[in-house]
Amino acid sequence: MSRDSAVGGPVPSSRGGDGLLDLIRVQARLRAPDGCPWDREQDHRTLARHLLEETHELLEAIDADDDAGIRDELGDLLLQVTFHAQIAADEGRWDIDDVADALVAKLVHRHPHVFGDVAVADADEVLVNWEKLKADETGGRKAVDEDIPATLPALARAAKVQRRAAGWGFAWRSPERAMAKLREEVAELDEAAADPQRAEDELGDVLLAAVAVGRLLGLDAESALRRATTRFAGRTERTLALAADRGLEPEALTEDELLALYREAKDSAEDDAARPEAERQG
């Protein structure tokens, strides 16, 4: 299917895309000679930290299931896209249409099962085709970690490397096999606990295996760990509050006593979350 055929028809949004056009106009006005001094001073490098901040704020809204927050943070992230494009347009290099055109071409090319006559059985086959089509675009298969930034959070980078490897057929085919590998790696970590160097390697293998399990279950390890850390922090604060209320010193408790207090705090938090909002506030 041609690009024109793929993008034909009405724009499926409430205002037919006019909101995006308004944003582009406002962005250009801010960068105009009589626009905002701060906007005019920015370049790709000075905006880099804002892009990172806005991405993390969006992730926080997603983790909190904050629908309005997701909408607002997506707007802030979209601002970064239009801002960078306007900088390039002001310098006569390319503009937002070039960005969109390249993306549309990429999406059409990499989805022949939607825009062409290729048949796929499931999402895993889509992934295999994606990597092969991507390789065709770039002149051949890349190493599984090539061009994947080393600065990505470790779990996110592991997931991306594994997705690329899976695209070339190198991956567990079922969650059961991935879980078995995770249990195997945990056992090896247990055996290596007395040897710090070996234990570090085995811990890495455990985390890598956990990422693989998450991928096969349709879960993102990075998001799962962020949520788990937030839950742990909240439960720890409740545990410490319970200890303080009862005149207990956590350092003086045995591990079993501390665990029992933690479980009590966890259960009370879950009970509280299950109560109606009006009852919790009243």
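E202 pairs with R198 in a salt bridge, with the closest N and O atoms 4.0 Å apart. The model is predicted. Because E202 and R198 sit four residues apart in helix α11, about one helical turn separates them. E202 has 10% relative accessibility, so it counts as buried. R198 is at 35%, so it counts as partly exposed.

Elsewhere, salt bridges with shared partners tie four residues into one network: D63, D65, R226 and R227.

## R198 and E191

R198 also meets E191. Their side chains form a salt bridge at 3.9 Å, N to O. E191 is exposed, with a relative accessible area of 59%.

Why can such side chains pair? Opposite charges on side chains can pair when the charged atoms come close.

## Helix α10 and the overall count

K181 and E184 form another salt bridge. The closest N and O atoms are 3.1 Å apart. Both residues belong to helix α10, which covers residues 175-192. They are three residues apart, about one turn of the helix.

How many salt bridges does the structure hold? The total is 16.

## A negative patch

Which residues gather in a patch of negative charge on the surface? They are D195, E200, D201 and D205. One of them, D201, lies in helix α11, which runs over residues 196-216.

D201 has a relative accessible area of 43%, so it is partly exposed.

## A nonpolar patch

The surface also carries a nonpolar patch. L20, L78 and V81 make it, and its area is about 230 Å². V81 is found in helix α5, residues 67-90.

How exposed is V81, and what is its relative accessible area? The value is 39%, so V81 is partly exposed. The cut-off for patch residues is over 30%, and V81 at 39% therefore passes it.

## Recap

R198 takes part in a salt bridge with E202 and in one with E191. Helix α10 holds K181 and E184. V81 of the nonpolar patch lies in helix α5.

Key. Residues are numbered from 1 along each chain as its sequence is written. This is a predicted model: local features need pLDDT of at least 70, side-chain atom pairs count only at pLDDT 80 or more; totals for chains, interfaces and linings use all residues. Side-chain values use heavy atoms; hydrogens and water are left out. Patches are made of residues with over 30% relative accessible area and no salt bridge: like charges are joined within 9 Å, nonpolar side chains (Val, Leu, Ile, Met, Phe, Trp, Tyr) within 5 Å. Accessible areas come from the Shrake-Rupley method with a 1.4 Å probe; for residues, only the protein chains shown count as cover. Lys and Arg count as positive and Asp and Glu as negative; His and the chain ends are not counted. The place of a charge is taken as NZ of Lys, CZ of Arg, CG of Asp or CD of Glu. Helices (H or I, at least four residues) and strands (E, at least two) are DSSP runs, numbered from the N terminus. Buried means under 20% relative accessible area, exposed over 50%, partly exposed in between (1.4 Å probe, protein chains only).
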